[in-house]
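Dear colleague,

I am handing over the structure we spoke about, and below it you will find my notes on what turned up. Please read them with the model open beside you.

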Amino acid sequence: MEQIQVKVVNRSGGALPSYATPQSAGMDVRAFLPGGAVTIAPGERALVPTGLYIQLPDGYECQMRPRSGLALKHGVTVLNSPGTIDADYRGEVGIVLINHGCEPYRVENGERIGQLVIARCMQAVWEPVCALDDSERGTGGFGHTGNI
């Protein structure tokens, strides 16, 4: 798998995000809660800090994605999934978690709360035209195939 260098300042004092297996796309990232755990009530959301500050190379983004086990077992997920960290952002990486579950969820310091995926990105240059080329799908939108 291709690798790139990403500069990181780690103010959490804990482990850097890491891949669970050699073929993992996402790195597990941990909560940095030196003041103590945070409880997220059902239907509530919280910005959970990580203590990480990153500098991505130009042309890359860092996506914040949910952990499937946290979503399945507790209904806790990343609210703006995937969240995006732009290459020019230098603030602390935070993850917006929401509790879709039925019970309050307590986020502990050092707990794995999400995954970070580094991805290439492009910027679009709009080309105004009067009409678009035809395609097999055409203007068929949501549910146009009759399959749900």
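In what order do the four strands of the open sheet stand? The order is β1-β5-β9-β7, and the pairing is antiparallel; strands here are DSSP runs (E, at least two residues; helices are H or I, at least four), numbered from the N terminus, and two of them pair if DSSP finds at least two bridges between them. At the edges of this sheet are β1 (7–10) and β7 (76–78), each of which pairs on one side only. From one strand to the next the twist averages 40 degrees, where axes are lines fitted to C-alpha atoms (for helices over the stretch in contact) and angles run from 0 to 180 degrees between N-to-C directions. Within the sheet, β5 and β9 (residues 92–99) run antiparallel and are joined by six bridges, and Val48 stands opposite Ile95 in β9.

Before going further, please note that this is a predicted model, in which local features need pLDDT of at least 70 and side-chain atom pairs count only at pLDDT 80 or more, while totals for chains, interfaces and linings use all residues. Residues are numbered from 1 along each chain as its sequence is written, and side-chain values use heavy atoms, with hydrogens and water left out.

A further open sheet has five strands in the order β2-β3-β11-β6-β8, again with antiparallel pairing. Its edges are β2 (18–19) and β8 (83–85), each with a single partner strand, so one side of each has no neighbour in the sheet. β3 (residues 27–30) pairs with β11 over four bridges in the antiparallel sense, with Val29 opposite Gly114 in β11. β6 also pairs with β11 in the antiparallel sense, over six bridges, and here Glu61 stands opposite Ala119 in β11.

Grid points are joined across faces, edges and corners, and the volume is the space filled by probe spheres set on the points.

The largest pocket has a volume of about 720 Å³. Its lining has 24 residues, of which Ile4, Val6, Tyr19, Met27 and Ile118 are the closest to its centre. The elements that give two or more residues to this lining are β5 (45–55), β6 (60–65) and β11 (112–120), and β11 gives the most, with five residues. The lining divides into 18 nonpolar, four polar and two charged residues, counting Ala, Val, Leu, Ile, Met, Phe, Trp, Tyr, Cys and Pro as nonpolar, Asp, Glu, Lys and Arg as charged, and the others, Gly among them, as polar.

The second largest pocket has a volume of about 160 Å³, and the residues that line it include Glu61, Asp86, Asp88 and Cys121. This lining divides into four nonpolar, two polar and three charged residues.

Finally, a cis peptide bond joins Ser81 and Pro82, with omega at about -10 degrees, and Pro82 is found in the loop between β7 and β8.

With best wishes

Notes. 1 Å grid on protein atoms, 1.4 Å probe; cavity = no way out; pocket = protein on both sides within 12 Å on 5 of 7 lines; lining within 4 Å.
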